[in-house]
Amino acid sequence: MNFDTDPDHEALRAGLRELLTRFDDEYWARCDCEHRFPTEFYQALAGGGWLGVAIPSDYGGAGLGVTEAALLLQEIAASGAAMNGCSAIHLTIFGMNPVVKFGSPQLRREVLPRVVAGDLHVSFAVTEPDAGSDTSRITTRARRDGDNYVIDGRKVWITKAQQAEYLLLLTRTTPLEECARRMDGMTLFLAPLDRSAVEIREIAKMGRNAVNSNELFIDGLRVPAENRLGEEGQGFRYLLDGLNPERILLAHESVGIGRAAVRRAVEYAKTRVVFDRPIGQNQGIAFPLAEAAMRLDAAELVARKAAWLYDQGRPCAREANTAKYLAAEAAFMAADRAVQTHGGFGYAVEYHVERYFREARLMRIAPVSQEMVLNYVSEHVLGLPRTY
């Protein structure tokens, strides 16, 4: 890796920071409090061409790599937008990769330019209430009916379903008991979200309330066969192409949240005077913030290495999982220390660190729990027996 400053990356950061000044902490606090999708933010990014950063240039995007996408999302999180900002655009930025790789030419021409333009929202629909992290146990079923598939089932924790026009939908086309391997028999679709066949119920949750999370009840959803991505029965394999980039992006977002929290805490510690001196003069305040900053630095290095490896076409599963784990822990520590630095005011909405705290906590669960990362490293890196 080259640790010299990349002028293109610095230009990306500078241009994005200029745009982000229009959306301060007060904006994000209002969106979160009102449970309101940040439409103005989304449209501003679309107007600046940012949504197409990782979409191929043939479809109007910039055709850049996961490194540039990660830097973009880290800057958004660090601006104070945290996950309310990142989740609003996450799937748009890199989640359409299965469509880019496995969608038909016609499907790519139809949807990818609209993604870049910002007038098409897509939701990622994999998780199910009774399957959890064991994706092999999904029961949402797709059966062929002429030129269509008919889909029935349930999905949960589906982000942006209130806005979405399509679902990136994982189904079973062959029952698990008929498959030679657990992950066989699953098929991936870019499915039009027909609300006459899909009931959407929003889930009330602790944080990230500007971006809705939903449970879907799918009853007889008809999807044209040409909206299938790749071959029938190979859907999980196609999803694997997106798992490492997803972890890399989330790691950078976590670092961004941590940076925002440390910035707020340092500003407060410099100006808050108790016992006739700023509280930042006390080691009990200064040292935890210094440690938080160092942990964020370390996590960022691993995350950047993982992004570089991915963009070079090299194996990066170890680094991607490590980055996700370390960044989530570092962000949570930073947000926790920011709340503690503010004392009682840290619990008040007006100081914003309570929002960072709620959103940093999410990063230890999504998109994969810390425990599942440890399972991966213990088995696939250390060579220990599978524990689950």
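The UniProt annotation "domain: Acyl-CoA dehydrogenase/oxidase C-terminal", which comes from an unreviewed entry, covers residues 233-381. In this predicted model, the chain over residues 233-381 is 77% helix and 3% strand, with its end C-alpha atoms 28 Å apart. The points below turn to the nonpolar cores and then to one histidine.

**The largest nonpolar core**
- The largest nonpolar core has 73 residues, and those with the most contacts inside it are Phe41, Leu45, Leu72, Ile76, Ile89 and Ile93.
- At least two residues of this core are supplied by each of helix 1 (7-20), helix 2 (25-34), helix 3 (39-47), helix 4 (66-95), helix 7 (235-271), helix 8 (283-311), helix 9 (317-342) and helix 10 (353-362).
- Helix 4 provides the largest share of this core, namely 16 residues.
- Domain 1 (7-117) and domain 3 (237-382) each contribute at least three residues to this core.

- Leaving aside residues up to four places away in sequence, Ile93 touches Trp50, Leu51, Val53, Ala54, Ala69, Leu72 and Leu73.
- Another core, of 25 residues, lies apart from the largest one, and its members include Leu91, Leu107, Ala131 and Leu239.

**His9**
- His9 is found in helix 1, and because its relative accessible area is 17%, under the 20% cut-off, His9 counts as buried.
- When residues up to four places away in sequence are not counted, His9 touches Thr67, Glu68 and Leu71.

Methods
Residues are numbered from 1 along each chain as its sequence is written. This is a predicted model: local features need pLDDT of at least 70, side-chain atom pairs count only at pLDDT 80 or more; totals for chains, interfaces and linings use all residues. Side-chain values use heavy atoms; hydrogens and water are left out. UniProt positions are given in the numbering used here, feature names are shortened, and annotations may be inferred rather than shown by experiment. Helices (H or I, at least four residues) and strands (E, at least two) are DSSP runs, numbered from the N terminus. A nonpolar core is a set of buried Ala, Val, Leu, Ile, Met, Phe, Trp, Tyr and Cys residues joined through side-chain atoms within 4.5 Å. Buried means under 20% relative accessible area, exposed over 50%, partly exposed in between (1.4 Å probe, protein chains only). Domain bounds come from an automatic or database domain assignment. Contact means heavy atoms within 4.5 Å.
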